[in-house]
Amino acid sequence: MVARSTRSLLPYILITPPIILVFGLIFFPAAQSFVRTLTGVDGSFSFERYLEFMNDRSSVTSLIFTFQVTFLSLIGLFAICYPLALYLRFSNSRVAYWAQMVALLPLFVPGIMSAYALIRFFRGRGLLETIIYQLSPVLSETYYSPYVKPEGIIIGSIWESIPFTVLVLLAGLRQVESGLIESAQDVGASRWTIFFQIILPLTRRAALIAFCLNFIAIFGSYTIPYLLGPAAPQTLGVLMQRTYQEYAQPLQAETQAVITFAVCALVGLLYVRTVSSQRTGRN
Amino acid sequence: MTTLTLSMRDRLKRYAAREGFGLFALIFLIIFIVLPILTVLLWGFAIRWRFPAVIPTEWGFDFWQETLSRADLRRAFPNSIVLSISVTLLSMVICLPASYAFARMNFRGKQFFLLSFLFTNAFPRLGLYVAIAIIFFRLGLVGTFAGVVIVQLLNTLLLMIWIPTAAFQGVERSLEEAALDVGASRLRVFMQITLPLVFPAVFAAVLLTFVNTFYETYGALLIGAPNVLTIPVIMFPLINNQPIPQYGAILSLVLFAPSVVLLLFANRLLRGGYLTAGFGV
């Protein structure tokens, strides 16, 4: 009897330490911050901290700017990665092998190093402008550097997210069986029909996972927007870090944090639901 | 003769039609991804490099000594190493038994608890660390080594639980049972059958955890600074508005060193599908 009860407790004992970390350092702080941002100075329920955020022009600008940058990055990211992943899935050539190797490289580059690399490459008189100048000095006069501009954030976010997005999409595409496509070809389906009727629906989950995780990562990022983006407007990540450390206003930073949580929570729930439905479907 | 050249041209055309997109993609990726990385490498060994020279006009190691003897790096380097090792070891101690439980034992709420680790990805990091910092401030953990270890540990959970869990699930039970039948002890079965089979996956998880922690920036920035500085954190001022580009380049290369090890195993990591398994794909 004793042996049985310790046995049934054993798994709980084993999983307790990491579970404590997840609940103590994710759910608890997030919930606590959420409740605190809804509490007024007198301790009663109040929206005053959100009103303060909404009445501050730079905060609102920052929120809108973050949305714009995130969406444009995601559009660019999928425009590059989806065709690339499709090509990698259906080609066994040497070109495909090398394209995949190169596409995965940023995975091994630390975030701060990629920011530095992109600055040195894209800034005025950087390597890119130098190469263009060597090809045609006239053309180089029209060079538009994305450094310290919104485009810089978009390029940097895309650069960092390519490997993960390609991997996830490729994993999704691998689940599309070649036999399925061949039999569709046999009955005379066109390339477009195969793409829209078979491949796209079957890779929806992978695309959703890639969308969600990239959205959260780009929406809340700091390194790339801080180093590659303009001084104004700032993204929420940069604003939050400034508010917390430079202006030493942890409460205002907390409000900004909870607002990013609220935005990302919707996307995060979609992610968790997508993965969990996939797993229970598999078991 | 003409038929031969025609067929050659035909073949070339067919090759271009088939690989046209691939070649275009490869060239784009080389310009977009490889050239920026190459720029860092060139700056790391450049003494003089002015526009419009495509490569540095003067090469040398002069800036290495200058950079490596900087006081901030001398403080940050040991911090980064000790932090990454402690976080990786702690993560193994906490997560590996848990992943064994998730893979091998049946208990209530198993799916729920396993999925709860996904939430480490569902929150924007910086925002979460602001919320954590407010709690840590009251606990006196802001600016301490322990504080940074705890936040960085949070980052490792998903990888260190999901990858080994999948590996433990993949071990054929019949192999272990056969060994038990012929009289091997449970410990011996675990050491000689289970462990060797899960070793590649666990090794991948450990390697990824170490490298990720070495690069971790936001936790170290918000919780550690200004007392506990790591290499990524001291790089911000060296990249922003720094008139000497070599500092940033050399520190980037120092930071990149563990990645070279990871790159050596890259093929195996990818083939095992470990990288995406850590995200629930």
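**Figure 1. Packing around helix α11 of chain B in the predicted model.** The buried residues of α11(B) pack against α5 (111-122) and α12 (223-228) of chain A, and within chain B against α3, α9 (186-215), α10 (218-224) and α12 (245-264). Helices here are DSSP runs of H or I with at least four residues, strands are runs of E with at least two, and both are numbered from the N terminus. Helix α11 of chain B covers residues 231-239, and seven of its nine residues are buried. These buried residues are B:Ile231, B:Pro232, B:Val233, B:Ile234, B:Met235, B:Leu238 and B:Ile239. A residue counts as buried when 20 or more other C-beta atoms lie within 10 Å of its own, as exposed when 12 or fewer do, and as partly exposed in between, with C-beta atoms placed from the backbone. Two residues are in contact when their C-beta atoms, placed from the backbone, lie within 7 Å. Just after α11(B), B:Asn241 adopts a positive phi of about 55 degrees. This is a predicted model, in which local features need pLDDT of at least 70 and side-chain atom pairs count only at pLDDT 80 or more, while totals for chains, interfaces and linings use all residues. Residues are numbered from 1 along each chain as its sequence is written, and chains are lettered from A and ligands numbered from 1 in the order in which they are written.

**Figure 2. Surroundings of B:Ser84.** B:Ser84 belongs to helix α3 (residues 71-104) of chain B. Because 21 other C-beta atoms lie within 10 Å, B:Ser84 is buried. Apart from neighbours within four places in sequence, its contacts are B:Phe210, B:Thr213 and B:Phe214. The C-alpha atoms of B:Ser84 and B:Tyr215 are separated by 9.0 Å, although the two residues are 131 residues apart along the chain.

**Figure 3. The largest nonpolar core.** This core has 159 residues, of which B:Tyr129 and B:Val130 touch the most other members. A nonpolar core is a set of buried Ala, Val, Leu, Ile, Met, Phe, Trp, Tyr and Cys residues joined through C-beta atoms within 7 Å. The most residues, 15, come from helix α7 (residues 145-170) of chain B. Domain 1 (2-60) and domain 2 (63-277) of chain B each supply at least three residues to the core. When neighbours within four places in sequence are left aside, B:Val130 is in contact with B:Leu222 and, across in chain A, with A:Met240, A:Tyr244, A:Ala253, A:Glu254 and A:Ala257.

**Figure 4. The contact between chains A and B.** Chain B contributes 73 residues and chain A 74 residues. On the side of chain B that touches chain A, α1(B) gives the most, with 16 residues. That side of chain B divides into 58 nonpolar, 13 polar and two charged residues. In this classification Ala, Val, Leu, Ile, Met, Phe, Trp, Tyr, Cys and Pro are nonpolar, Asp, Glu, Lys and Arg are charged, and the others, Gly among them, are polar.

**Figure 5. The two domains of chain B.** The domain assignment gives domain 1 (2-60) and domain 2 (63-277), with bounds taken from an automatic or database domain assignment. Taken over C-alpha atoms, the centres of domain 1 and domain 2 of chain B are 35 Å apart. Their contact involves four residues from domain 1 of chain B and six residues from domain 2 of chain B. Helix α1 (residues 2-44) of chain B provides three residues, the largest share of the domain 1 side. The residues on this side of domain 1 comprise three nonpolar, one polar and no charged.

Figure 6. A:Ala232 and A:Pro233 are joined by a cis peptide bond with omega of about -5 degrees. A:Pro233 is located in the loop between α12 and α13 (236-246) of chain A. In chain B, the peptide bond from B:Ala225 to B:Pro226 is cis, with omega near 0 degrees. The loop between α10 and α11 of chain B holds B:Pro226.

**Figure 7. Positive phi angles in loops of chain A.** A:Arg125, which is not a glycine, has a positive phi of about 65 degrees. A:Arg125 lies in the loop between α5 and α6 (127-135) of chain A and is partly exposed, with 14 other C-beta atoms within 10 Å. A:Ala248 has a positive phi near 50 degrees and is found in the loop between α13 and α14 (250-282) of chain A. With 9 other C-beta atoms within 10 Å, A:Ala248 is exposed.
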